[in-house]
Structure formats: structure tokens, C-alpha cells
Amino acid sequence: MVCVALIAALAAGLGYLGWLIQSPNQALTEFPNRLIELRDLEAKWDTEILSLQLGIAPNYDQVTRAGHDLKAKLDEMETIAGSNQSLAPLQPAIQSYRQALEQKAKLAEQIKASYAMLRNAATILPSSISDSLRFPESLQPMPGLNERPSDLMTENISAMMSFTISPSPILQNAVQDRIARIRSLGAQMSPGLANVLSRFRSQIEVVTRERLQGNKLMLALTAIQTGAAADKIQSDLTSLEQSEVESKRSLRDVGLVLGALLVISIVALVSLLSRRFAELYKDNRVLKQVNENVEEQLMQSSKLSALGQMVAGITHEINTPLAYVKAVFELIKERMTPVYQNSVAADQDEEAEEARREELQILLDDGLHGLEEISTLIRTMKNFSRIDKGQIESFSIEEGIESALLIARPQLKYVADVKCEFDSVPEIMGSASQLRQVLLNLIVNAGQAMKVMDRRGVLTMRTRLTSSDTVQIDVCDNGPGIPEDIVGKVFDPFFTTKPVGEGTGMGLSICYRIIENHGGTIAVSSKPGKGTIFTITLPRKGERGPTGDDVPRPNDGIPAVAA
Amino acid sequence: MGRLDQNASTCLTKVRGGMKPLWILSARQFIGFSIAGGLAGCFLLPPGDFARTALADETNLSPPIEATGTQPITIEPISPVPLQVELDTKKVDLGHALFNDSRLSSGNGLSCASCHIPQHALADGRKVSTGISGNLMVTNTLTLFNVALNQMLGWNGQTTSLQKQAEGVVKVRMGGNWDEIVSTLRADSGMSAAFGEIYKDGLTRDNVINALVEYEKSLDTPNAPFDRYLRGDQNAISAEAKAGYQLFKDYGCASCHQGVNVGGNMLEVFGIFGKPAAAANGSSTPGSAKDTGISDDRPVFRVPSLRNVQYTGPYFHDGSVSTLPEAIGFMAEYQLGRDISQDEISKIEAFLDSLTGEYQGKPLGHL
């Protein structure tokens, strides 16, 4: 059970691994493309910002859109990395890129604003100058100075120009000085010119301020490490891909290990199963053996029970000769008494003496004969009840029939006449006791069957040798016969027509087995009203043992019952 | 070399006629002006723009290439509104219904249409709108016409997606609770059915916003007279408007009010020259963009769109200026540092009027 579970688990694990290895990481394979798109968008944005700074962008739509597209792409990538477990290690790099991007976006806004201011202030400068020229006093030298306001404005513009070209601190100071001078002179001007000058001054201030700012922003822009951040994402991605490959590889290794384990566990399972089967087979054989033993004992006990049933009859059989042996002995005893001796001695008649001697002789013979009968019966019973493993010996069927008839005589005496039609069949090889058991069983059955008839029956025992070298034995009776619906069942174990307590129903089935073991057949033929014939055929085994008696041959035992 | 040189030569003529010793100085002036002009032209101004400004006959604008992602440089700073937008009409109608639905304010009785009124060019004609419980809002309501053409939204320009803007405004300005709104709308079987027809996952917050945004995208006003002019119809606008456009560019208004929506794509300082009253609170002015790095002491706002501007007054973030000529003067003063004449203001106004487009085929003035 554990093995099966293990195999199932390993197989499942292997399957899962296979699936894992096979399934491509969708997000991971697509992410590099997105990264490329991201960098393209950033490059585009950079171009737009540059064109803005160079003054070649007609408006800010392009640069703003480029920035927004880039941010949208980054949002998309963040969402993907956020929702995908395998891309989680990229998050920090993406975050730092985002921060760099946000800084850049902020700078871009500043650049846009600053550039617009710078441009506008510069645009207006010429008109400031032309406005100032409307006032004649701008061309007049100022009180206390050699300069005219227009000259001052020119100086301012030149200083601003120089500064614009090269925004160094020195030039910045130059510009500041000039502006300060204009401011200080404002009070001396007419309101109109002072106004113009004031505007002029603020525009120069804006230009210089925004020029410096523009520089600062440009530098700040180049300082932002979006490139490095994108590179970081790229390298993280590459290492992620590598680790993915490696993990796939290690998965494959694990898969190999699991596969090996699977093979091992299958082998283990197979060996376990085969061991179990071996055990089962052994147990099975033992059980069979036990079964045989039990059947043997069953047979034995049925034999004994059959025998038991015959005890009454047999007792009677024994009693009869025993009684008259006893009578003979008592007579002899009486003859031996002194009274009788005296009466005999008194009588001098020789013929009477001779008669008395013959009478004694006859009595003694009868007695011996009776004893002989008893002894035969007992020997027969002893033979019959002996448990033996059925050693094969040569056995005379006709003798067996006769001994069976002898044992069954009490049951047959008042029931039927016995007819023997023997054909002088040769001896066969088989288990004598078992075959005797069979014959006795059949004879007893016949007797029981004929018992119910009103008339005296006839039991015919027939033997003959058939053409195929088998011995055929018929046990015929003219009892009531066996009805058709029962005749097929008579050999079934535990099948009996007798009431409970009389008969086990095992008799005929055991006979069947015994005959089968001998390689023979037993069959029944019956006609209700006419009678029944049980026919046994037994093969005639040609071998005969050297002595013919029960010397056990090692490999020749027929088991008591068939397997 | 341009206008600068024209001025210079005028000066020279004037000067030469008068004082002899001064021609040396005038030469210096001439040099200075030339340098100024030249350098200004080369380093600070788009050369193309300058050429256009000086040499081009005002009536001979060549049709601009419309700005797209991959096209080369366009010539004009303003490009026309696209004539066609691909939209799902079912979603637009649904969005329109939601636009007028006060259930989006979770019981505050406000809908988008409360402040974006069609008769007022989808603004409301007030300085500042009243919002939840009659409390005044912070900034002037902006028009929703052409809102999809803006790359930055709101007075502070910090929102860049229409979806985020819709989501936020429902919560903040209308006091709506999105979960409550969704469940209320779901209980409306007609609304649920309408959503079920269009969206696979039915009525969700994202789908409500999606429908609203689709409607917003349908609010473009193409075919303004100026757009037709840009496309080559020389008679689309009056000569005054053309002159106004020229001034618009020359004076630098077009530095900030540019792009397809004549604004809406950058942040700028409000009050570059001087300090207007509306910028009295400096960089913490409510509604302004904070922490942009653009200015420490002055408020920074997103540059608004000037399309349909004749109908979207009052102007500026606090609605403090009610007429367009005033606004133009204001901008010239505080953004450009210029003193412009009434005549120039009228020309620019004529130009700005020509930016009014058509909604569903009808010019806005006739809605």
C-alpha cells in the first residue's frame, strides 16, 4: 500500500515537473520586449527634449506626449511585474527607474517653462529698444554722464549676449552691473522712458536668469541616471532569465532523480508483490495440504460413522457365533463334571461312548468354526478401519467384494439375496482399504434401498474385464430406483435422502473421489421401479509389487482424497 | 535678417539726417542691434519661426503638416483639432447619461453637468463654482470641450489621465463614494442592463469611468475658422484675425499657448513680470501646481487651452478677469512684460474668437 502510494506520488510529481518544465513563463519571455519598447520610448523623449532645447520644436505637444507614453509604458510594466510572481525580483530596479523618470519629467516641465520665458523675454528685447527710441531723450547724453540711455541699453544687450553665449560668473557680473546702472538712472528719466527702461531691465533679468536656469536644467537632465536604471532592469532581467533556465535545468535534474526513484519503487513494488505471491502460493499449498488432511479425516470419520451404524448388526453377527461357542463350552464343561463322568463310567456301553465322543467332536468343531467366523469378521473390520495413506498394492477386487459382503451381511440378511457373478478378473493396483470402503458403501446403500421394498430383493455383484483393459464392477439392486431429478446429485457431497441423523451424505462423494484418484470412473444408472446399478471401472495397472502386500512405495501414495 | 534690421535702418536714416558726429555711434548701435538680432535669431528663436515672421506675407501661410507622432516638424505652433475621432457610440451615450446623473455624488445633488453646462461652453460662466453643500470651490471651472486634447488636466496640471481625473473629481468635488455609487447604479435595472450590453463584466467602477471618459472624448470641437485657415482655407478668418495671429506669435503668446489645443501641455509661472493680484499668495496660491521646481515665489499653473475662449470666461484660475480684452492685456503685462495697444488687443481678440469650433456640427455660439 505504501509502495503504491509512493509510486502514485512520484508519478504525479514527475508529471507535475514535466508540466512545469514545459510551460513557458509567458511574462518572462515577453518582458524583454517591453523593456526594449520602454527604452525606445525614452530615446524618443530624449530626442524631443533635445529638440526643445535647441529650439527646433514648434510646440510642446510632441515632447509632452513622449513623456506620457513613456510613463504609461512604465505603468504597464509595473503592473505586470507586480502581478507576476516570477518577475518580482525586478521590482526594485523598476522602482529606481521610475524615480529617475519622475525626476526627469519634473525637469522636463521646468525646461519647458524656462524655455518659454527665455524665448519671450528675448523676443521682446528688440521692441524694447525701438520703444525707447521713441523717446528723443534716449538719444541724449544723460546728465553728468557721457552716455546716452540708448547706449546703455546697447551695452546691456551686448553684455547679455556675451553672457548668453558663455554664462560665466564674470559675464554675469557684467550684466548685473549694467542692469544696476540702468536702474539707478531710471529716476532721472521721464516716466515714459523710465517705464520702458524698467521693462527692458526686467526682461534682461529674465533672460539671464533663465539662461542660467536652462544651463542648470540641462546639466541636471544629463545627470539623471535613467540609462543606468534601465540597464539595471536589463541586467536583472537577464539574471532572472538565467536563473529561470537554471531552475528549469535543476527541475530536470529533480525530474531525473524522481524518475530513478520511480523506477526503484516500481521494482520494489514488483519484488514485494512477487514475494507476497510466493507467500500466498506457499500458504495456498499448505492450505491444500491441510485440506487434504481434513478431507482424509472427514473420510475417516464418515467411514467410522458408517461403521458405527453397522455396529449393531456386527454385534449381532459376533454374538451369534459367540453364543454357541459359549454353549459348546458349557456343554463340554458339563461333560467334564464328576457327576457326568460318574454316570459315564457307570455306563459300559461302547457305542454310547463312541456316540458321546463324536458328539463332542462335532460340538468342538462347531465352536472352532464359530470362533473362526468371529475372527474373520474382526480381521475384516480391522482391515476396513485401518487409516492408511492408501499405499498402492495389488488388490483382488473379488476378494474385496467378498469381505465387504461379509461385513454387510447383517444388513443384507433379511433384505436381499446376494448373487455374485465374478469373471475372475486379475488383481489391480490400488489402495485396498479405500477400494474396500467403496465397495462396502455401495453394498450397504443397495441394502438400505432394498429394505423399503415389500419383497426380498436381489443384490448382484458383477465383475468383468473390459476390452480396454479395465476392470468393471457392477453393484446392482432391484430396489425402488433413484428418481430422475436426484440421480444426478447422488455423488454431491452432503447430499442425502435419509432423514437427519442417519447418514452424513458424504459416502458416495468420497467413493467418487477414491475411484477418481485411482484413475477410474463410477457411474450410476437407475430406473425407478426397477432398480439401480452402480458401475465402477478401474484401470488395471500392470505393475505388481514384489511381495504384493503393503510395503509403502515412496512415491506411489494416492492421497486419500483428490486435490 | 528681419525686423530688427528694419528698425536699425530706420534709426540710421533718422540719425543720419541729423547729427554728424553721431553716425559713428549709430554704427555702433547698428552693430549692436545686428548682433542682438542675429544672436537672438540664431540662439534663441526658432529660425523657421523668425523667417516666417519677417519675410512671409501674412496671407501666405502654407498648410501645416498636422502634428502626429512620426511626422517631421510642423511649421505652425498650433495644429488643428482632428476632424474624426473613433469612439464607441453606445459608450458615449451611456457616458452622457452618467454625466447628467446626480447619483454620482452620493446624495449631494451634484452631477458633472452641474458645473459643466452646455450653454456655458461646458464651463459655468462663474468665477468659481459652488460645490458640495453650496460651498465655493477653489478654482474656476474649466471647459470640457476638447478636454481629450489636453495632455495635462486641471489648473495644476498634475493629473494626466482622464480616467484618474474622473475618478478623483467624483470623490473630491462631488463628494461621491464609489462603492455606494456602484451599488446604487446596479440597483437601477435599466442602468445595469445598459452596462451589461456593452461591458462583459457589467456595472463596475472602472466601466462607469470608462463610459464617462468615452463621452469626454466625444467633446471635441473641430472646424474652428482658424483650423480651416490652418488647413489652407485662406478666407476662413478675417485679415484682423490673421494679424492677431501674427502678433500672437511675435509677442510670444504662442510660446505657451501652443499645440493642438492652444495650451494644455505645459506648466508656467503666472506673473513673470510684476505681481498680479491673482498671484498674491505666491507659490502657495490655491489651485496652483506645487513643488514643480519652476519657481520658488510665484504660482505655477498649467497653461489653459484657448480654444473656444470667447465663451469660457471668466478667466484665470480665480475667474478674476471677466472679459477677453482685459485678459489679453493682463497676459501681455504680466507674462510678456509688454505694453500693448488697444488695436493690438482687438486683433488678438479677433484671432482668439476664430478659435471657436463646432460641436456636433454646430458652432458653439449657436448652442
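Predicted model: local features only at pLDDT ≥ 70, side-chain atom pairs only at ≥ 80, totals over all residues.
**View 1. Helix 3 of chain A packs against helix 4 of chain A.** Here we look at helix 3 (residues 61–83) and helix 4 (residues 91–133) of chain A, whose axes lie 11 Å apart at an angle of about 165°. Angles over 145 degrees count as roughly antiparallel, and helix 3 and helix 4 of chain A are therefore roughly antiparallel to each other. The crossing of helix 3 of chain A with helix 4 of chain A is left-handed. On the helix 3 side, the contact includes V63(A), G67(A), L70(A) and K71(A), along with L74(A), M77(A), E78(A) and A81(A). Helix 4 of chain A answers with Q91(A), I94(A), R98(A), L101(A), A105(A) and A108(A). By class, this contact of helix 3 with helix 4 of chain A has nine nonpolar, two polar and three charged residues.

**View 2. Helix 2 of chain A also meets helix 4 of chain A.** The axes of helix 2 (residues 26–54) and helix 4 of chain A come within 10 Å and cross at roughly 20°. That makes helix 2 of chain A roughly parallel to helix 4 of chain A. Their crossing, too, is left-handed. Look for I49(A), L52(A) and Q53(A) on helix 2 of chain A, which make the contact with A108(A), I111(A), K112(A) and Y115(A) on helix 4 of chain A. Five nonpolar residues, one polar and one charged form the contact of helix 2 with helix 4 of chain A.

**View 3. An open sheet of five strands in chain A.** The strands follow the order 2-4-5-7-6, and their pairing is mixed. Strand 2 (416–421) and strand 6 (521–527) of chain A are at the edges with a single partner strand each, so one side of each has no neighbour in the sheet. From one strand to the next, the twist averages 15°. Strand 2 of chain A runs parallel to strand 4 (residues 457–465) of chain A, and six bridges join them. Within this pair, V418(A) stands opposite L459(A) of strand 4 of chain A. Helix 11 (residues 397–412) of chain A packs on the sheet, where helix 11 touches strand 2, strand 4 and strand 5 (470–477) of chain A. The direction of helix 11 makes about 170° with that of strand 4 of chain A.

**View 4. Strand 3 of chain A is covered on both faces.** In strand 3 (residues 428–431) of chain A, I428(A) and G430(A) are buried on one side, and M429(A) and S431(A) are buried on the other. Strand 1 (residues 392–395) of chain A runs antiparallel to strand 3 of chain A, with four bridges joining the two. Here E393(A) is found opposite G430(A) of strand 3 of chain A.

**View 5. P167(A) sits in a loop between two helices.** The loop lies between helix 5 (149–165) and helix 6 (169–186) of chain A. P167(A) is partly exposed, with 16 other C-beta atoms within 10 Å. Although P167(A) and L212(A) are 45 residues apart in sequence, their C-alpha atoms are 6.9 Å apart in space. Leaving aside residues up to four places away in sequence, P167(A) touches Q172(A), R211(A), L212(A) and N215(A).

**View 6. Chain B, with its helices and strands.** Chain B has 13 helices and four strands. Of its 367 residues, 45% are buried. Among contacts in chain B between residues at least 6 apart in sequence, 67% join residues at least 24 apart.

Terms used: Residues numbered from 1 in each chain as written. Chains lettered and ligands numbered in written order. Axes fitted to C-alpha atoms, helices over the stretch in contact; angles between N-to-C directions. Parallel < 35°, antiparallel > 145°, perpendicular 65-115°, else oblique. Left-handed = near helix turned anticlockwise from the far one by under 90°. Contact = placed C-beta atoms within 7 Å. Nonpolar A, V, L, I, M, F, W, Y, C, P; charged D, E, K, R; others polar. Buried ≥ 20, exposed ≤ 12 C-beta atoms within 10 Å, placed from the backbone. Pairing = 2+ DSSP bridges.
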